[in-house]
Amino acid sequence: MTSLTVLLLFFVSLTVATIAGRLRRLLPRQRPISSSRAGSRDVVEVMGSSSAKDGAGREESKASVRWEPRIEPLDDFVWDATPPLKLRPIKPTYHITMALQNSTPADLIVMDRNYHDRVMSRRKLIDERQSAVMGAIPSGYTAVRELYSYLLGTYLPRRYPTMFSLVRPSSGPSEVVFRNKVTGRSLPLVPPPSEASTMLRALGETVEDDMFLLLREPDGGEHRAVAFVCCHPSGFDPSEKLGKRLAEIHSPVPAYSKIGASMERYFARLEVGKSVKRMNWAVQTHPNLYAPSGNHVHVGEDVKEDEEIDVEKARFRVELQTLTRLPETQAILFSFKTYLYTLDEIKADGLGPQLADAIEGLKTGNAPGMWVYKGCVRWGKAVCAYLRT
């Protein structure tokens with residue numbers, strides 16, 4: 001090999017290395033976060049570059065970091081063959097606590113064979129009672145927009161590709177749209193600059209989970225509900241919670257003061273990429289998901305004790321609740337999916353006596369007012385007798 005050839009090869013390799021180095025700096029790179037930083041955050045750290053002007057008007061490059069949940073696709077998921085989760089949060093004595101469990105962002109939305117019927121019912125309910133089941137104050141618009149873009153643009157088509165997809169229509173606008181394969185509906189991936197109600201309606205008709213968005217007040221204040229879509233309330237009017245602080249939202253709940261301060265502190269510390277869940281249960285004397293009144297008894301309300309009830313219509317009602325922080329607006333997403341089980345289902349699992357004990361145990365824990373608040377004073381005697389037979 002001649003000296004000239006060696007010199008040419010040196011310059012070629014140097015040029016290639018220089019170009020490769022520049023490309024690495026210019027192109028965004030995606031890598032999973034290290035296990036030491038991940039903890040319970042099931043996320044991917046996406047790093048790239050962005051440009052901005054300095055004080056002299058010159059362009060300068062800055063590194064940007066955002067957190068995206070690591071969502072494992074359920075490629076073979078068959079929604080209409082998937083039974084609902086069987087949740088049994090039954091304890092003999094009730095103590096009011098946050099009772100949070102670690103979860104993952106991938107489990108934010110849980111699908112099952114009830115999906116189609118429930119979203120169709122929600123669509124009808126929104127048409128009939130829009131102001132009661134959805135709403136937002138001006139400060140909640142940006143958070144609603146972030147949630148809309150994330151669920152439709154990332155989470156649902158990635159988690160449930162057999163149910164949802166992103167498609168480019170063959171005719172009309174060329175923008176990619178969100179396609180619901182179950183209902184046949186398509187929605188814009190990027191919501192138009194309109195009122196939050198347009199996006200809330202779309203969310204309420206796409207998933208059966210109810211959602212509240214909360215933002216912390218400036219200067220480290222309390223969290224306030226800034227938007228909601230809630231078609232399955234139990235014993236409360238969702239529209240009355242809009243704009244209120246956590247303490248005001250939970251003011252009817254007996255002994256809430258025992259956990260109120262802890263809840264505010266937890267909300268303030270909740271990190272992007274970490275999800276938690278909890279369960280809440282009740283018994284109701286009807287099979288309705290939409291129950292803004294009747295399931296609770298409030299202070300000063302006249303109560304008919306030990307009513308005769310139709311136990312075949314009664315339901316064991318469980319909410320699977322989640323807490324997640326959105327990365328851009330830092331809003332807290334409080335979402336919950338409601339499950340209804342007949343009392344016969346509970347008895348078939350051999351848990352009739354345990355649920356009866358749990359109902360009576362509402363009187364003996366650290367929040368004895370729950371016995372009246374959850375309506376047990378009305379139906380407790382009849383339900384417990386039936387569960388023990």
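Q: What percentage of contacts in the chain between residues at least 6 apart in sequence join residues at least 24 apart?
A: This is a predicted model, in which local features need pLDDT of at least 70, side-chain atom pairs count only at pLDDT 80 or more, and totals for chains, interfaces and linings use all residues. Contact means heavy atoms within 4.5 Å. Among contacts between residues at least 6 apart, the share that joins residues at least 24 apart is 72%.

Q: How many helices and strands does the chain have?
A: Helices (H or I, at least four residues) and strands (E, at least two) are DSSP runs, numbered from the N terminus. By this rule the chain has eleven helices and 13 strands.

Q: What percentage of the residues of the chain count as buried?
A: Buried means under 20% relative accessible area, exposed means over 50%, and partly exposed is in between, with a 1.4 Å probe and protein chains only. Of the 389 residues of the chain, the buried share is 43%.

Q: Why is helix H5 largely enclosed by the rest of the structure?
A: Helix H5 covers residues 196-206. Its buried residues are Ala196, Met199, Leu200, Ala202, Leu203, Gly204, Glu205 and Thr206. H5 is largely enclosed because the buried part of its eleven residues amounts to eight.

Q: At roughly what angle do the axes of helix H4 and H5 cross?
A: Axes are lines fitted to C-alpha atoms, for helices over the stretch in contact, and angles run from 0 to 180 degrees between N-to-C directions. The axes of H4 (residues 141-159) and H5 come within 9 Å. They cross at roughly 35°.

Q: What is the handedness of the crossing of H4 and H5?
A: A crossing is left-handed if the near helix is turned anticlockwise from the far one by less than a right angle, and right-handed if clockwise. The crossing of H4 and H5 is left-handed.

Q: Which residues of H5 make the contact with H4?
A: On H4, the contact is made by Tyr141, Val144, Arg145, Leu147, Tyr148, Leu151, Leu152 and Leu156. On H5, it is made by Ala196, Met199, Leu200, Ala202, Leu203 and Thr206.

Q: How many residues of the contact of H4 with H5 are nonpolar?
A: Ala, Val, Leu, Ile, Met, Phe, Trp, Tyr, Cys and Pro count as nonpolar, Asp, Glu, Lys and Arg as charged, and the others, Gly among them, as polar. The contact of H4 with H5 has one polar and one charged residue, and its nonpolar residues number twelve.

Q: How are H9 and H11 directed relative to each other?
A: H9 (residues 352-360) and H11 (residues 376-387) pack at an angle of about 155°, with their axes 9 Å apart. Angles under 35 degrees count as roughly parallel, over 145 as roughly antiparallel, 65 to 115 as roughly perpendicular and the rest as oblique. H9 and H11 are therefore roughly antiparallel.

Q: How many salt bridges does the structure hold?
A: Side chains of opposite charge can pair when their charged atoms come close. A salt bridge is a side-chain nitrogen of Lys or Arg within 4 Å of a carboxyl oxygen of Asp or Glu. The number of salt bridges in the structure is 18.

Q: How far apart are the closest N and O atoms of Asp349 and Lys86?
A: Asp349 is partly exposed, because its relative accessibility is 32%, and Lys86 is exposed, with a relative accessible area of 57%. The two form a salt bridge, and their closest N and O atoms are apart by 3.3 Å.

Q: How many residues apart are Asp349 and Lys86?
A: Asp349 lies in the loop between helix H8 (343-348) and H9, and Lys86 in the loop between strand S3 (59-69) and strand S4 (101-103). The pair links distant parts of the chain, with a separation in residues of 263.

Q: Are Glu205 and Arg123 buried or exposed?
A: Glu205 forms a salt bridge with Arg123, the closest N and O atoms being 3.8 Å apart. Glu205 lies in H5 and Arg123 in helix H3 (residues 115-133), so the pair ties together parts that are 82 residues apart in sequence. Both Glu205 and Arg123 are buried.

Methods:
Residues numbered from 1 in each chain as written. Heavy atoms only, no water.
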